[in-house]
Amino acid sequence: MKILLTGANGYIGRRLKNILIQDLRIDLRIFVRNKKSLSKDILADFDVVEGDSFHLEDLEKALCGVDVAFYLIHSLHQENYKDLDKISAQNFITIAQKCNVKKIIYLGGLGVKNDHISEHLMSRIETGEILSSSSLVQTIWIRAGVIIGSGSASFEIIRNLVEKLPCMITPKWVETFAQPIGVDDVMSYLIEAIFLETQESLIVDIGTNKMRYKEMMLETAEVLGLKRVLLSVPFMTIELSSYWLNLFTPVSFGMAKALIEGLKSEVVIQNDNAQKYFSHIEPMSYKQAVQKAVDEIKDNQVISRWSDTDGTTWDTTHHDKINDAIFVDRQIADLGHYDKEKVFKAIKSIGGKNGWFDYDFLWEIRGIIDKAIGGAGLSRGRRDDCDLRLGECLDFWRVVDLDEGNRLLLLAQMKVPGDAWLEFKIEKNQLIQSAYFYPKGIFGRLYWYSLVPLHYFIFKNMIQRILENSLVIER
Ligand SMILES: NC(=O)c1ccc[n+]([C@@H]2O[C@H](COP(=O)([O-])OP(=O)(O)OC[C@H]3O[C@@H](n4cnc5c(N)ncnc54)[C@H](OP(=O)(O)O)[C@@H]3O)[C@@H](O)[C@H]2O)c1
């Protein structure tokens, strides 16, 4: 059976990809916006189509000859995501019809269409309606509410709030009902949907027990072995709650706002199709799902994170832009007797719990300032202590180029009056470390000049510490 997986670098798609590549019943094709985002093994062993759902010819290449297509494309990180998602779904169903695709499997969100529904939930419903609009293609529209798994946005919000705040002042929305589900159960439904032998299109609502957000927080605290007190107040607006989440959790202000707006409406199951068509899948309890997520984080086994992709990585102009940068701080060290492979490993360990090689307190202050003005701060951390992959975020940076053993290029995603990059290159027998800055207006220039004294110490020490750290790295 020829299966197409879209959204393969996203939170859901990356986990599904790991399962599909091992399933011998399946001939897998993967659709990505940038082939470099996939490992060499995947590129060698699987059929990969590079393209964008806004280009019909790319979709035709991806969907031609396909039996079942997973639709996991979502543009939440873009401001006009509602319109983009509609166009993308329309393009997809048009070409799926043309290519005689038999089935589309789409994962959307729980929620009922009414006047109070949030833009985000509405967009998920509209996408499902567009994908289900053809009488020629069957659509299995699976709807999930809060997904509990390591790295999922909703779970990371709950976990961070519970871990950081012994006593929480909570808005009214913590009383809203939801039906969460563990990410592993979501995977089971998606896989089983491939082999489901029905002809008609279906909406399948999935979830475990119905519970209030408040109960989710208290049960999470129990799993983490913490005692927490929640005090509900009536005056927390969506804006205020979003600032609160932005400050105490890794999510950005925009994402917090989109999610909080959704918390006003109940996200509970509206049909019994999960029981009817997938009766052998028994979703784990909320606490079991939390325990599994917490264990994965402890064991450094987080497969995907909500922040893995935001589209900026595939902007191919970074290379031109760094050449245009007005300010550059460059440090060069001779590698002499240092092992190049170990030096690159040391470079790749930058950030997160590993720190920034020196002057970590300055990076922390910069992170706090960034959070206070609505940026990502340092709270996104690292997915893995040693490994880095192209496209993922790392504190307030994003990996925009990773050429193993040769080059790491990080794009600054902190609030900054300009564009900034940090590059590490191993060339011939030298390590070249460059901080690039393209200022916006006079403030951008003042910003750079005001940091020159700090940069002098930070960057000079950074390159030295990378070399020193490489000496204690094991192969
Ligand atoms: N995550 C959750 O907790 C959750 C909960 C309930 C329901 N869902 C649903 O599950 C689905 C997938 O969500 P997700 O969280 O996995 O999303 P995500 O992490 O934001 O990933 C979205 C994916 O879409 C791809 N994409 C975006 N625009 C594209 C375009 N124009 N052409 C081709 N690919 C494009 C991205 O590719 P790049 O890698 O190239 O950027 C990325 O792989 C959504 O419908 C969502 O509503 C998710």
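Two residues are in contact if their C-beta atoms, placed from the backbone, lie within 7 Å. By that criterion, residues 24 or more positions apart account for 74% of the contacts in the protein chain with a separation of 6 or more. This is a predicted model, in which local features need pLDDT of at least 70 and side-chain atom pairs count only at pLDDT 80 or more, while totals for chains, interfaces and linings use all residues. Residues are numbered from 1 along each chain as its sequence is written.

**Overall fold**

- The protein chain contains 16 helices and 19 strands, taken as DSSP runs numbered from the N terminus (helices: H or I, at least four residues; strands: E, at least two).
- For 475 residues, a compact globule would have a radius of gyration near 23 Å, and the protein chain agrees at 23 Å; the radius is taken over C-alpha atoms, and the globule rule is 2.2 Å times the number of residues to the power 0.38.
- The C-alpha trace spans about 65 × 55 × 45 Å along its principal axes.
- Of the 475 residues, 40% are buried, meaning that 20 or more other C-beta atoms lie within 10 Å of the residue's own, with C-beta atoms placed from the backbone; 12 or fewer make a residue exposed, and values in between make it partly exposed.

**Domains**

- The domain assignment gives domain 1 (2-298) and domain 2 (312-470), with bounds that come from an automatic or database assignment.
- Domain 1 contributes 11 residues to the contact and domain 2 contributes eight residues.
- On the side of domain 1 that touches domain 2, three residues are nonpolar, six polar and two charged. Here Ala, Val, Leu, Ile, Met, Phe, Trp, Tyr, Cys and Pro count as nonpolar, Asp, Glu, Lys and Arg as charged, and the others, Gly among them, as polar.

**Ligand surroundings**

- Around the ligand are 32 residues, of which Gly 7, Asn 9, Gly 10, Ile 12 and Arg 33 come nearest; a residue is near if its C-beta atom, placed from the backbone, lies within 6 Å of the molecule.
- Helix H1 (11-20), strand S5 (103-109) and helix H6 (153-164) each provide at least two residues of this shell.
- The shell comprises 13 nonpolar, 16 polar and three charged residues.

- Among the buried residues of H5 are His 120, Arg 124 and Leu 131.
- The buried residues of H5 pack against strand S4 (68-71), helix H4 (81-98), S5, strand S6 (138-144) and helix H10 (253-262).
- Ser 133 sits in the loop between H5 and S6. Ser 133 is partly exposed because 14 other C-beta atoms lie within 10 Å.
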